[in-house]
Structure formats: C-alpha cells, structure tokens
Amino acid sequence: MATVKVLIEGYAKMIKDGWVATSTTCLVTDGAKKIITDPGCHREKLVAALNNEGLDTNDIDYVFLSHQHPDHILLAGVFGKAKFITFDTNLTYDQDFLVPWEKHTLGKDIEIIETPGHVLEHISLIVNTPQGKVAIAGDVIWWLEGEKQVFDLHQKDHSQAKGMNMEELVKSRKKLIEIADYIIPGHGKMFKVKK
C-alpha cells in the first residue's frame, strides 16, 4: 500500500490588500515511486521539508497539481526530473510530451478523480494506505487561518475564484466524504471523516 505524509500544512490568511498563503504539500510514496502534491509557493519551506525527508527535488518522480492557482503550483518547476499530473485537460506532462492520464496512472493504490467546483478543472487523489483511504483534496475543502475547522458540505469558498461553482463544489465534497476515511484539505489540518 501507499503512504501519505503531510510535508507542509497549508495556510491561507486574508490581509488588507491580499493573502498570505501556500497550499498543503504531501509526499506520497508507492514502492520506489515518490509523488509530491501541490508544491505551493514558499520555496524555503518546501526545500526544508524535502531535506527533512532526506530528499531533494531530483528524487521526485511525479508532481500532482490539483488546480491552477499559484499558491498550489508556483514551485512545480523546481522538480526537474518529474512528470506532472495536471488538471489541464487531464494531461501528464513529461517535458514537452503530453498524454492523457488514466485514473491509476500513479499506481493501483492511488486514484485520480475529478473534483470540480472551486474551479472547473480540479482533481484530487484518493490514496489507499494502511490507515485507510486518504483524500488529498486540494481546495475542494479548505479553511482560513484561525477559522474553526468544522466540515460543512455548504461551507463558503472564501476565495470566490473565477469559475467557482458552489453546486459542483458540494457534489465534489460529497464524493470525497463518501470515499475517504481521512481528508487532507488544501489549507488546514487533516481530519477523519465521520461515517
């Protein structure tokens, strides 16, 4: 089975003229394969987190990008040897070679699923681990810094991103909680799904 480790717990704080934010970044390991999810935008935190695992950017085989917002994808280019699983019309990028991904492209214990709503093109991972199924949800679910972290299907999406569709977002949230035992949000702490 695969394993998931949160390397950086994402945070998002509104300030007077903008945001202070970076996404949750996870390391998914499946056998010898190493996958980074949403590498974020804080370079020092990312490099330190990789170093703590005894890794550098060249050790990563795949980078999974849930959606196009810079606080999730800005540092993707630092992984020079990786292939990229993207939201962009569901393509895998291997340098300039583009092919569609299949739901189990990353391995039999890792499923890629479409989870629109926060934006139209949004994907999440479902990882079969010894502890149960873990959903790496991107911004299907996320909280502001200091906000009480209580899951609600109809929780407001604070970003109000272009293309945000609340009806689709609720459907994607339902899909994740039906599948997963644990959910790792785009910003905030991992939580256990109450069944």
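I started with threonine 89, which I found in the loop between strand S7 (83-85) and strand S8 (91-94). Strands here are DSSP runs of E, at least two residues, and helices are runs of H or I, at least four, both numbered from the N terminus. Threonine 89 has a positive phi, near 45°, in a residue other than glycine. Its relative accessibility is 52%, so I put it down as exposed (exposed is over 50% relative accessible area, buried under 20%, partly exposed in between, with a 1.4 Å probe and protein chains only).

Housekeeping: this is a predicted model, where local features need pLDDT of at least 70, side-chain atom pairs count only at pLDDT 80 or more, and totals for chains, interfaces and linings use all residues. Residues are numbered from 1 along each chain as its sequence is written, and side-chain values use heavy atoms, with hydrogens and water left out.

Next, aspartate 38: not a glycine, yet its phi is positive, about 35°. I located aspartate 38 in the loop between strand S5 (33-37) and helix H1 (43-52). Buried or exposed is aspartate 38? It counts as buried, at 5% relative accessibility.

Then the sheet. It is open, with five strands in the order S10-S11-S12-S13-S14 and mixed pairing (two strands pair if DSSP finds at least two bridges between them). S10 (110-114) and S14 (191-192) are the edge strands with a single partner each, so one side of each lacks a neighbour in the sheet. I looked inside too: S12 (residues 132-136) and S13 (residues 182-184) run parallel, joined by three bridges. Alanine 135 sits opposite isoleucine 183 in S13.
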